[in-house]
Amino acid sequence: MTFKKLVPWCVVIGFVIGLVAACTDKPTNQTEKRIEALLKQMTLEEKVGQLNQINDVGGLPEDLKAQLASGEIGSFLNVIDPELIIEMQRIAVEESRLGIPLIFARDVIHGYKTIFPIPLGQAASWNRDLVELGARISAEEASAIGIRWTFSPMIDISRDARWGRIAESFGEDTYLNTELGVAMIRGYQTDDLTDPTAMAACAKHFVGYGASESGKDYNTTWIPEVQMRDVYLPPFQAAAEAGAATFMCSFNDINGVPSTGNKHLNINILRNEWGYDGVLVSDWGSAENMIPHGFAHDLKDAARIAANAGMDVDMMSYAYPQHLADLVREGKVSEKTVDNAVRNILRLKFRLGLFENPYIELPTENPFYTERALEAARQSVVESTILLKNEGVLPLTNVKSVAVVGPMSDAGLDQMGTWSLGADPNFSITPLAAIRSEYPNITVNAARGLEYSRVKDMKEVGKAVEAARKSDVVLFFAGEEAILSGEAKCLANISLQGAQTEMLKALKATGKPIVMVVIAGRPITMGPEIEMVDAVLYAFHPGSMTGPGIADLIFGKAIPSAKLPVTMPKMVGQLPIYYNHKNTGRPANNITYMDDIPYGAEQFSIGSTSYHLDAGDKPLYPFGYGLSYTTFEYSPVTLSSNILKDNETITVSCDITNTVKYKSDTVAHLITRALRG
Ligand code: BGC
């Protein structure tokens, strides 16, 4: 597969399978010496303190001051008041015995204040540079208030649209997750973590979290080693090679062993095979979660298991602060194990330059929502929004009036999607606002019809129908609210919620052309709805600049180029569905649909193949699908060699011609398959 390249009219490009360049940030000997010197001076309690990460407690009470002064806390998450950050840091650096600085962390997942499309949307751009730029801008905004560690990128392969966290991933494909994960890491960290605008990245969740059974969050996973190594591990290995400063354990258990207590993954693979020397942080409370998993007897046992399995930092289980020192004294965890974990967190603090430069400088100008950030976010919306259907209606030219209707037409909060913590919806530009302000010559007839996506009551829909009747074209903004995807937001029914389908039927009855724009956190099953409309644009919660970016596409200021990073199922029963299912011994063909089977038909299986009687074998749209306003022609593909030998590269070439006189981007996909033998 290749990534985005500009293909001007009639210009031809070739493509090559590339290798990811590794840019590891290895510690210097000098740093290692400083780590050892510090370690020698540390008491066991001070060591344990470094491994303790706690959440914002909403201020700086006296007991917290005392804990900071005695070195009982190594890092914080979710403290976002810069003055508080400076004061906490001052206590750690100036009042604690060894003056070890704190790190302040946060889930800056797709923007801090300026919100970019959710990662699933960014993946649809297939554009590494744009993803890197989004991460860079996020780091600049967050670091301005003192956040130097983000819990991103999430590179969990996600093949089940029921799973709410599919929103946070780059979709179903290993290569896409690998490439975009590395791009995001580069954007956050730059090549110099000591830069005060750099944030340590966190490759998460290690590993297999996206394989949760039935797409239900935190659920069990069963992943054979071969699939683990082929599908789930490669993005993490690439992240380690790219110098991702930290990794996070996942909540799930794998083949019966919670990842937080999984020696095979955390020690054998991460440390021994990959030589990783960054920090492995637990997920929130994931050490404690080993108790209900049935893997640890109590919190002390959880601390023992986690420490011996290589978990460095305890996020919010309090297992380490309460029990680790005792476990060492009792000989159940060796001090060497604790020292190794402390080395990793101290190394991170050195790498971030915090010993030299512990304090942030308060910004003199507003660092948020800058013109550069908003422009990048707008471009990201343009490149992330997928054209799924177009029966000659888009782009809209010469329209005098549009109806802007539907629950997502003016939903500043919801369009930002999951993990837009702390971003201000007042800075979101909605489709309605953008069309009104940027197209003053077009009459806009607006009515949401449904206040939000789950509303079942049709009483306001009449106003939207009225707006449709008065307009040349209907722009129906459907989808799902931000709260319906993300962590713990899993669904068994992934069709359009509330009365959206009924509303669409009412709009359809007006006879006006309808453009449906879906704004959601996951693939939604909506075959019948797509049949009813003339064009479909699909946007995974696109963030602050949703309105301007989508309006650019609707009115032809920009040409759609995004392609699906996940397979869109026809119905939920097809899940999990992804393009590279292994072939069965009876690959799907000879499909007979349920309705074509005569009543009382004889039962036999000869000639039967692998598919569903009611859905066949195909999805609604395959992985990689996405239309444009232009078309591209592909010449036959040629290979530099027919045989790929170990450590050799094959160059695959193809001429791609843009056949319409619009300059446009496209992504050429090359899919390879291994055959044994
Ligand atoms: C999530 C992580 C997140 C952490 C800290 C957990 O619930 O699974 O992805 O980084 O919380 O907020």
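Okay, housekeeping. Since the model is predicted, local features need pLDDT of at least 70 and side-chain atom pairs count only at pLDDT 80 or more, while totals for chains, interfaces and linings use all residues. Residues are numbered from 1 along each chain as its sequence is written, and side-chain values use heavy atoms, with hydrogens and water left out.

Let's start with the ligand. There are 13 residues around it, and the closest are Asp107, Arg165, His205, Asp283 and Glu487; to be near, a residue needs a heavy atom within 4 Å. What does that shell consist of? Seven nonpolar residues, one polar and five charged. For those classes, Ala, Val, Leu, Ile, Met, Phe, Trp, Tyr, Cys and Pro are nonpolar, Asp, Glu, Lys and Arg are charged, and the others, Gly among them, are polar.

Now the polar contacts, meaning pairs of N or O atoms within 3.5 Å. Asp107 puts a polar side-chain atom 2.5 Å from an oxygen atom of the ligand. For Lys204, the distance from a polar side-chain atom to a ligand oxygen is 2.7 Å, and for His205 that distance is 2.7 Å. How much of the ligand does the protein bury? Taken alone, the ligand exposes 310 Å², and 94% of that is buried by the protein. Those areas come from the Shrake-Rupley method with a 1.4 Å probe.

Stay with His205 for a moment, because the backbone there deserves a look too. His205 sits in strand 6, residues 202-206; strands here are DSSP runs of E, at least two residues, and helices are runs of H or I, at least four, numbered from the N terminus. The peptide bond from Lys204 to His205 is cis, with omega near -5°. Then the bond from Phe206 to Val207 is cis as well, with omega near 5°. Val207 is in the loop between strand 6 and helix 8 (225-232).

Five strands make an open sheet, ordered 5-4-3-2-11, with parallel pairing. Two strands pair if DSSP finds at least two bridges between them. Which strands are at the edges? Strand 5 (149-150) and strand 11 (314-315), each pairing on one side only. Strand 11 pairs with strand 2 (residues 52-55) in the parallel sense over two bridges, and Gln53 has Met315 as its bridge partner in strand 11.

On to the rings. The structure has 18 aromatic pairs. Rings of Phe, Tyr and Trp (its six-membered ring) pair if their centres lie within 6.5 Å, with planes under 30 degrees apart counting as stacked, over 60 as edge-to-face and the rest as tilted. Phe350 and Phe355 have ring centres 3.9 Å apart and planes at 15°, so they are stacked. Phe350 is buried, at 8% relative accessibility; buried means under 20%, exposed over 50%, and partly exposed in between (1.4 Å probe, protein chains only). There's also a cluster, in which ring pairs link Phe206, Phe236, Phe247, Trp274 and Tyr276.

Last, two asparagines. Asn255 has a positive phi of about 50° although it is not a glycine. Asn255 lies in the loop between strand 8 (253-254) and strand 9 (257-258) and is partly exposed at 37%. Asn398 has a positive phi of about 60°, in the loop between strand 12 (386-390) and strand 13 (401-405). Buried or exposed? Asn398 is exposed, at 75% relative accessibility.

Methods:
A polar contact is a pair of N or O atoms within 3.5 Å; within protein, one must be able to donate a hydrogen and the other to accept it, and residues adjacent in sequence count only if both atoms are side-chain atoms.
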